[in-house]
Amino acid sequence: MSQKLKHKIVLLTLVVIVAALISGFLLYRLQLNLTLASYEEEMSQKAESLTEILETASNEAAESKKTFDEIYQSKAESVSFMAQNDAGFEATDAKMDELKQLLEVDNILVVQRDGTIIAEAEKTQADFSSARFNYLRKCFSTHEASRAVEIELPDQNWLMRYYAARLDDKTMVVIEQNPAELRELIEKTDSTASVLRDVSVGQDGYIFALSAQTYVVEYHPDESLIGTDALSEGIDVENLEDGFTGWLNLAGKRIYAHVALIGNTYYICAVPESALTQTASITVAVILFVLVAVMATVALYGVFVMHADEKDGDNEEEFRDFGVFRYHKTVGKRTVILSLVGCIAVAAVSFYMQTLFSLSAQSVTNKARAEDIAETIERTDEQAKELTEQYNRRYLSKARVAAYILEKNPKLANKQDMQELANVLQVANVYLFDGSGSLIASNAPYEHFQLSDDPEDQSYPFHQLLTGVDEYVQEPMNDEMTGELKQYVGVATYDNDGYVDGFVQIGIRASRLESLLQSVQIDTVLEGVQIGSNGFAFAINKDDKTIASFPNPLLVGAKATDAGLTENQIRGGYDDYLTIDGSSYFASSIETPDYYLYVAGPEGEPMAQRIPLTITITSIAVICMCVVFCVVTLERKNAPQIQASASDTSDKPDIFDIETPSGRMARTESAASRWLNKSLAWDDMTPEQKLSIVLKFFMSIGVIAIFLSVLFQKQIFDSESVFGYILGGGWERGLNIFAITAAIMTACVIFTISWIIQRILHLLSSILSARGETVCRLLLSLTKYGSILGTLYWTLSTIGVDTATLLASAGLLTLAISFGAKDLVTDLLCGLFIIFEGEFRVGDRISVGSNTGTVMEIGIRTTKINDGDGNVIVLRNSAISNVINRTKMDSYASVDIEITVGEDLPYLETILKKELPRIAGRQPLVLDGPFYKGVVALSTSTMTLRIVARCNEKDRGALERNLKREMRLMLTRYNIAPYQEQFIHTDAEENVRTLKDDEELQEADDFVKSQSSSSKDIGNDNK
């Protein structure tokens, strides 16, 4: 390699490194800024909608408090009604305790105007003479129940709410009740926490609140921060301005935030820095890796081409002058195409990654919001049950009070008094029935009514109150008489002997309960949910698959399929695009006990960033590639000329040049070298072959990175992260970007594991016996094809193909094409039998028909043998029969000598007896022998003598040639010529020819030995 090329390599390395650093910084900032811009828009919309949401919650809280107060005001007025109508009232502690149980309150007291307690059910901390209770004394002037007075003194463990009603001009009845039930209701449904926990910002963002006066955190998803000083936790007070958007520090963590001042509270939309940087980092890392790989590949390819050209010397015709530089046309022509393909690859990867991470981030957000909504629905269902039970208890308490009053004073069973009682109890109607189920008295407009005997009628269930049931609470339904939505509650009454003599029934207009229940219905719950900047949630009933809730009220109640959904989309776990009401949305669904709940966003919203980012990244890639291209192809005019260097591959018989179909000369290796896993030396490769090695290297890095990411996903990625979502498999099975990505990642894992197994098997095969190597090579074949089939099977399953049905269909298909595929099946079965029956192994020398050679590989379908001439014979396993395995034991060399029948046989055998030991000493390939086997053939003119010797199979051919030579030398030495009709023998010592003297024999031996060594790689040594 020339000094000029070395300098260019250093320059290219610096260019690639600097370009990578600059590109990485630009890509990260671009990705982060686009993400922040998206969040800024969403946070602004959330802040604008908060005012209305908080106002609604405040109104609901006020309504809940009003209802709570009305209930206990009614209880106080009930006692006042008893006292004024002689209905069993006494100002004693015992009576107060009885009324406490009846009214289901914490305490009930009779108090004079000056605050003196006359009677009480329980001891109280209250000093009613205190001015704080002046509001209770308002009942004396208004003749109505007082407003509530709440006392909360934590240091005295005192939390109570008080209500009063006038008994007479000097005394009042006071109800003392702990408001914990009210506070719990408000906390669950109408508090700041209940509102803000249902509002999200992106995937991991949230909203928290802090006081604008004290800067104390009033709400935060992290409960440990509630009640802390925001300034002490790191927030700069200068940033707490309405409309501020930027970075804040809270509890040691950076958050990107938008501040909105509503009333006396700062509501801050926040996204953790980690959530912003994780997605940006992964996306940038993948794109930057591809960009660096492309730049390095182009640079290295240019170096390879220039290095190859150096061997032939610089040719002035390959250069074109540009000012002080000259342009290398050959290098430029080859690298420009690669650079163009590289830029396209960067653009494609950028677009792919933006699509993947945009959709997966949207999907993860949708899933998280759907789960939050499902939890909210579950909570609201529980709240609905609690509200229903709570109101049922309250209504039942009112019915008990009515029954108590009418039992204590039957004279009140008239229309006027029962109307007053209904007003006191805050119910619509009060009814009194006798033991036969006939109406005795009521404040209702009708006076004659009899319980129905029809089980389908509304009044029928109240018969049970006359047969031993004490109480019955009926579900709200439309009244049979008026058609209004009413709820009826009945309590049995008893005579002095304890027998049932009728029952008291109250009728309640269930509008308030209906209103409260409406607040926890699915449509109300989903209306308060904020999804992204333009997203929304809707629900489908599981029973009839009608739309239970949708932003467009015209669709509520319609069949989901009529609105545009398919049957496959109406289920839990769906995660893909869908069309409803004529618009396309990216939606995710989960299943609840009653609904399929969907969280959806407009189709274009998650994709808004793809095009600008892809264009920008591609522009950066083009600039980088232009710089690399210029460095590769341009050089100074005064650069030293390179002379051609010698290149000789004649000493590499496995390497030769071929002409490709395109007319280009390429260097390759022989087929036998390929089967033996030989590869070209680096210097013997063409630039294109070196380029393929570089591409494999970068692909290997990517595959290994994916493998490690999958292997250590729990340590590297959060389960709720984008990458964790893809690996988790929560996406929709089908031909979509998630399935394609998962298939790629799975293939990387499978092939990496397969490669590791194959490397281990290769190492094992090098140290095991022949049988062990055979098994290793079989396992290699099984691993390779098994990984391919496994990947294919899993990929088909990932993209939504029913693989079970596919396998069943494949069985039928196999039956249908069995005649056409029978040879393939036979080859596979024969291959297995060859392996497991041990007919031959890798390394054995076998003969199959006219083919003889060394077994190179036993595959599932074919077996490959080397015939010794450098040819690889590929035999189908089903065609292998009558195998001669020549490596089971020591082989033998056999030589036949034809001698005329006129020769003296005993003389010949005497010579053999003397010469065979001498031959054994001269031939090191002989393991045992040689031996004289006798006359094996006899004709009218010749007789055939056979000489055999034990040897290794691999030496058989060479030994046979050597033995033939020895026989010829022996016959010549003793003047014996084959086929001679008659011989006259004289003394042996006199007939030895000069050719057989020791020097001449040694010279001949040396010649044969040198020829054997020189020709060992030429021809077949066994023939």
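These legends accompany several close-up views of one predicted model.

Residue numbers start from 1 along each chain as its sequence is written. Because the model is predicted, local features need pLDDT of at least 70 and side-chain atom pairs count only at pLDDT 80 or more, while totals for chains, interfaces and linings use all residues; side-chain values use heavy atoms, with hydrogens and water left out.

**View 1. The whole chain, to get your bearings.** The protein chain has 23 helices and 34 strands; these are DSSP runs (helices H or I, at least four residues; strands E, at least two), numbered from the N terminus. Of its 1023 residues, 46% count as buried, where buried means under 20% relative accessible area, exposed over 50% and partly exposed in between (1.4 Å probe, protein chains only). Among contacts with a separation of 6 or more, 61% come from residues 24 or more positions apart; a contact means heavy atoms within 4.5 Å.

View 2. Helix H1 (3-84) and helix H6 (273-312) each supply at least two lining residues. By type, the lining divides into 3 nonpolar, 1 polar and 6 charged residues; Ala, Val, Leu, Ile, Met, Phe, Trp, Tyr, Cys and Pro count as nonpolar, Asp, Glu, Lys and Arg as charged, and the others, Gly among them, as polar.

**View 3. Glu122 and Lys100 in a salt bridge.** This pair is one example from the 18 salt bridges in the structure, each a side-chain nitrogen of Lys or Arg within 4 Å of a carboxyl oxygen of Asp or Glu. The closest N and O atoms of Glu122 and Lys100 are 2.8 Å apart. Glu122 sits in the loop between strand S2 (117-120) and helix H3 (139-142) and Lys100 in helix H2 (residues 93-103), so the bridge ties together parts 22 residues apart in sequence. Glu122 is partly exposed at 35% relative accessible area, whereas Lys100 is buried at 14%.

View 4. The side chains of Glu152 and Arg183 meet in a salt bridge of 2.8 Å, N to O. Since Glu152 lies in strand S3 (residues 149-153) and Arg183 in helix H4 (residues 180-189), the pair ties together parts that are 31 residues apart in sequence. Both partners are partly exposed, Glu152 at 43% and Arg183 at 33%.

**View 5. Thr783 in helix H17.** Thr783 belongs to helix H17 (residues 770-798) and counts as buried because its relative accessibility is 16%. Its side chain reaches the backbone oxygen of Leu779 at 2.7 Å. Beyond its neighbours within four places in sequence, Thr783 is in contact with Ser754, Ile757, Gln758 and Leu761.

Terms used
Polar contact = N/O pair within 3.5 Å; in protein donor to acceptor, adjacent residues only side chain to side chain.
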